[in-house]
Amino acid sequence: MTQNLNESSKKNTALMQALGAILLWGIMPTCTKLLVSQIEPMLALALTSLFASLFLAAYYAVKGKLGELKNLNLNTFLRMAAIGSLGVFFYNFFYYSGNTMLPAQTAYIINDLWPACIILFSCLILKEKLTVGKLLAVLMSFTGVVIVATGGSFQSFDLSNARGALFCLAAAVSYGFYAVLNKRESYDKEISVLVAFATSGLAAFLCAVFMGQLRPLSLKEWGGSAFAGAVCNGLPGVLWVVALQNGNTAILANLSYLTPVISMIVTHFVLGEPITVWSIVGTALIVSGIFVQIAADRSMTRKNK
């Protein structure tokens, strides 16, 4: 009886942790839009990476894992930094840049193509089989992105929108590469996230200096950077990992599809961005594509049993 209560308590806690992560990911597009409207993208990337690194370092210190950094050999550290740069440095730089040219809602939805990129790169790099289900999922997601990017009309798609859309697509491609390359590595994935944020933050600071973007910041800009880095990047990642360790993976994974819905609602009420029919249709196609991929994977698993 006591064991069942403990298990139930763990699952409920995991559910709350997962919902917290999803909520924070949902407000991230709005937070990012507000941040890059005040701070140049490269400098914003440097600052958010710094605060995310500090948060993760504090968390791993409490957890007793920070000492594992000393055990990394140079080759492993460089692999963590190189692969991590795709998921932090390049991903965020492209996404931040696209966010300066597009509405926050549009930028986030286009960026949501990353699951489709993971499917494609898994086939190309990990040699996974490209099934009809996977191909359909990619086509649905890509169609959804095109609908959102064009607003349902190619005639009204101006050059600035095209540049912003390309940046957000580049962000999705970067994260797709990161996820696939990271999957085949055997190093500690939690420590690798800290290394990725720390090294990417350092690289971004050097780039910001070279580009002449380093400047004194106001208290508001420091606060926005700290919130975006620690609360919107570091904290949800930790919450999600902990939730997956104690909760039902299938249930939590399905809950993650609430993120674009939360994002649309928050950008509407905070930034005043309209929720258009095309953004709803595009988001529905992208999310449906992910569900098609899940169904295809389950079907393949049953056949292999």
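Trainee: Which side chain meets that of K65 in a salt bridge?
Mentor: That partner is E190, with an N to O distance of 3.7 Å. Please keep in mind that this is a predicted model.

Trainee: Where do K65 and E190 sit in the chain?
Mentor: K65 is in the loop between α2 and α3 (74-99), while E190 belongs to helix α8. They are 125 residues apart, and the pair links distant parts of the chain.

Trainee: Are K65 and E190 buried or exposed?
Mentor: Both K65 and E190 are buried.

Trainee: Which residues are joined with them into one network?
Mentor: The network consists of K63, K65, D188 and E190, joined by salt bridges that share partners.

Trainee: How far apart are the closest N and O atoms of K63 and E190?
Mentor: They are 2.9 Å apart in the salt bridge between K63 and E190. This pair also connects distant parts of the chain, as K63 lies in helix α2 and E190 in helix α8, 127 residues apart.

Trainee: Why does K63 count as partly exposed, and why does E190 count as buried?
Mentor: K63 is partly exposed because its relative accessible area is 37%. For E190 the value is 16%, and buried means under 20%.

Trainee: How many salt bridges does the structure hold?
Mentor: The structure holds 6 salt bridges. Among them is one between the side chains of R215 and E40, at 3.6 Å from N to O. R215 is in the loop between α8 and α9 (219-246), and E40 is in the loop between α1 (2-36) and α2, 175 residues away.

Trainee: What is the relative accessible area of R215, and what is that of E40?
Mentor: R215 has 29% and is partly exposed. E40 has 29% as well and is also partly exposed.

Trainee: Back to helix α8 for a moment. What does the side chain of S192 reach?
Mentor: The side chain of S192 reaches the backbone oxygen of K189 at 2.6 Å. S192 is itself found in helix α8, which covers residues 189-210.

Trainee: Is S192 buried or exposed?
Mentor: S192 is buried, because its relative accessible area is 4%. Apart from neighbours within four places in sequence, S192 is in contact with M80, N182 and Y187.

Trainee: Which residues is Y95 in contact with?
Mentor: If neighbours within four places in sequence are set aside, Y95 is in contact with P29, T32, A107, Y108, N111, F167, C168 and A171.

Trainee: And the surface: which residues form the nonpolar patch there?
Mentor: The patch is formed by L34, V261, I265, F269, V270, I275 and I280, and together they have about 640 Å² of accessible area.

Trainee: Which helix gives the most to this patch?
Mentor: Helix α11 (residues 259-271) does, with 4 residues. V270 is located in helix α11.

Trainee: Why does V270 count as exposed?
Mentor: V270 counts as exposed because its relative accessibility is 52%, and the cut-off for exposed is over 50%.

Terms used
Residues numbered from 1 in each chain as written. Predicted model: local features only at pLDDT ≥ 70, side-chain atom pairs only at ≥ 80, totals over all residues. Heavy atoms only, no water. Contact = heavy atoms within 4.5 Å. Patch = residues over 30% accessible without salt bridge, like charges linked within 9 Å, V, L, I, M, F, W, Y side chains within 5 Å. Areas by Shrake-Rupley, 256 points an atom, 1.4 Å probe, with all protein chains shown as cover. Salt bridge = Lys/Arg side-chain N within 4 Å of Asp/Glu carboxyl O. Helix = DSSP H or I, 4+ residues; strand = E, 2+ residues; numbered from the N terminus. Buried < 20%, exposed > 50% of the residue type's maximum accessible area, 1.4 Å probe, protein only. Polar contact = N/O pair within 3.5 Å; in protein donor to acceptor, adjacent residues only side chain to side chain.
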